[in-house]
Amino acid sequence: VTRAHLDRIGTEDDALGAYLHVDREGALRRAGEVDATGTAGTGLAGVPVALKDVFVTEGVPTTSGSRILEGWRPPYDATAARRLKDAGTVLLGKTNMDEFAMGSSTENSAYRPTRNPWDHDRVPGGSSGGSSAAVAGRLAPFALGTDTGGSIRQPAALTGLVGHKPTYGSVSRYGLIAFSSSLDQAGPMARTVLDAALVHEAIGGHDPCDSTSIDSPVPTLVEAARRGAGGDLSGLRVGVVRELGGEGSREGYEQGVLDRFAEAVALLEAAGVEVREVSCPSFGLALPAYYLIAPSEASSNLARFEGMRFGIRVGDDGSRDVDDVMALTREQGFGAEVKRRIILGTYALSAGYYDAYYGQAQKVRTLINRDFGAAFADVDVLVSPTSPTVAWPIGARVDDPLAMYAADLCTLPASLAGVPAISVPCGLSEELPVGLQVMAPALADDRCYRVAAAVE
Ligand code: GLN
C-alpha cells in the first residue's frame, strides 16, 4: 500500500504540488517494520499518512511552508504525529500549506502553489491545501491538517473531503508550529466520515505536554459515525444559522452552494430530525474579530524565528551585529502575508490601541460564545455551508486580501468559540464539491460525526 501511494505521488505530484517533502526511504523502511511486527490492534497499522508541514517530525524536514525554516529537521515528533506512529501508520511525507498556516488557498506557500485535483486551474483551499489535494488526489489515504479559522474544513469542502476541527484542547498542540495559540487545533482530513473518526480517536486525548489539553476521555467517534451512517438521528434537533447562508444573509454565497445546502437540510429533515432556524447575531462580527486576534497572537508567536535557533540565518558574515542579522533574516525569510499579519498584530497589541482593537475583539469573542450557548440551549447541532463558494481559479484572489479573508466567513465562529465542527461533502455545483458544516457544543464532537455520516 505504501509503495502504491509513493508511485502515485511520483506520477501525479509534479502537477498537483501537494507535497513539500516525500520521505520515500523512510516510508518503505517503516512499512517493512510494520509488516514484520504484524498489523493487529488499532485498525491503522500499515496505513500511510501525510502530515501538513506544520507538524514537527523527528528527523524529517519541517518548514511550515516558510523559507525561514528551510532545511530544519526537528529533534522530536508532535504528539499527534507520535500517536499516529504508535498506531502503526507510515509517514509518506509533509504536505504544502500557506506559510505559517496564514491563508485560504495555499498560494501563500513560500515554495509553490498546490492545485485542486478536481480542476488543476483552481485552488485546493487552505491553509491545509497540500493535505486536501493529497487525499482528494489519492496521493494519501488520509492526512492531518490544522484549523485556526477554517483551514481543515474549508480545504476539505473545496476538494470533496471530510475534515473535522476538534473541540479546542481535545487534540494536543504539542509540536504544532504555533500560529494563533488560542485557536489552533489539529484534526483529520479523510475521504469518509468513518476514516476521519478512526484517525481522530488515534490522535485525541490528554497530553501533559500541552497546557491547554483537556483531561477527559476521547469520545467514541467511530461508534457515532456508525450510528449516523445507519440513519440513526433520533432525538436530534438541528439549527440552521440565519447569519450563515440562512434567510437574509445570502450575499456573497453562490447559488449552487445554497442549493446543495438546502438539499442537505432537507435530507436531515427526511431522516426525522427537527430543523429550525436559529439566529446568532454576533456571528457577523467573527471576521473582523478573528483578523485582529489571530494576527495579534501570530505577531507574538513568530518572534521566535530570529535566525539564531532554527532554520536560515542571513547576513552573518562578521560585519553586522545581532540585531541586523535578525532583521535581515526576518526580512528575507518571511513572505508578504506573514509580514502583513505581524505588522497588523503588533499594531493591534500596542499600548495606545490595545483597548480599541485587541480588547474589543476579545469582547466580540465572548458575544459569539454566548450566541453558541443560547443556540445550543435549543438545538443539538448547528449547520451552515462550509464555504460561501466552490474552489476559485488560482490567482483570482491573491491581490485582494479581503476577498481571501471572506472565504472564512462560515468557519470562523466555531474557531473563536473553540467548539467542534466538521465539513462533509453534500454534492457538486458546476462540477465542483460543496461542503456542509456541522457544529456542536464543546466536547460533543461525536454529534458532528453522527450527523455528517447521515448526510454522506
Ligand atoms: N484563512 C484563515 C487565515 O488565513 C484561517 C487559516 C487557518 O485556519 N490556519 O488566518
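How many of the eleven residues of helix α6 (residues 193-203) are buried? The legends below take up this helix after an overall view.

**Figure 1. Overall view of the predicted model, with its 15 helices and eleven strands.** Because this is a predicted model, local features need pLDDT of at least 70 and side-chain atom pairs count only at pLDDT 80 or more, while totals for chains, interfaces and linings use all residues. Residues are numbered from 1 along each chain as its sequence is written. Helices (H or I, at least four residues) and strands (E, at least two) are DSSP runs, numbered from the N terminus. The radius of gyration of the protein is 21 Å, close to the 23 Å of the globule rule for 456 residues, so the protein is as compact as a globular protein of that length; the radius is taken over C-alpha atoms, and the rule is 2.2 Å times the number of residues to the power 0.38. The C-alpha trace spans about 70 × 65 × 45 Å along its principal axes.

**Figure 2. Helix α6, largely enclosed by the rest of the structure.** Ten of its eleven residues are buried, where buried means that 20 or more other C-beta atoms, placed from the backbone, lie within 10 Å of the residue's own. The buried residues of α6 are V193, D195, A196, A197, L198, V199, H200, E201, A202 and I203. After α6 comes G205, with a positive phi near 105 degrees.

**Figure 3. The positions that UniProt lists under "active site": K52, S127 and S151.** The listing comes from an unreviewed entry, and such annotations may be inferred rather than shown by experiment. Although these residues are spread over 100 residues of sequence, they cluster in space, with a largest C-alpha distance of 10.9 Å. K52 belongs to strand β2 (residues 48-52) and is buried, with 32 other C-beta atoms within 10 Å. S151 is placed in the loop between β4 (142-147) and α5 (153-159), and S151 is likewise buried, with 36 other C-beta atoms within 10 Å. Contacts are counted when C-beta atoms, placed from the backbone, lie within 7 Å. Not counting residues up to four places away in sequence, K52 touches residues including T95, M97, S128 and G145, and S151 touches A101, G126, S127, S128, G145 and T146.

**Figure 4. The shell of 13 residues around the ligand.** By class, the shell holds four nonpolar, seven polar and two charged residues; Ala, Val, Leu, Ile, Met, Phe, Trp, Tyr, Cys and Pro count as nonpolar, Asp, Glu, Lys and Arg as charged, and the others, Gly among them, as polar.

**Figure 5. Q154 in helix α5.** Q154 is buried, with 33 other C-beta atoms within 10 Å. Leaving aside neighbours within four places in sequence, the contacts of Q154 are S104, G125, T386, S387, A407, D408 and T411.

**Figure 6. Strand β5 (residues 162-165), covered on both faces.** V162 and H164 on one side, and G163 and K165 on the other, are all buried. Strands are taken to pair if DSSP finds at least two bridges between them. β5 runs antiparallel to strand β6 (residues 185-190), joined by two bridges, and G163 stands opposite M189 in β6. With strand β10 (residues 421-429), β5 pairs in the antiparallel sense over three bridges, and A421 in β10 is the bridge partner of K165.

Methods
Near = placed C-beta within 6 Å. Buried ≥ 20, exposed ≤ 12 C-beta atoms within 10 Å, placed from the backbone. Contact = placed C-beta atoms within 7 Å.
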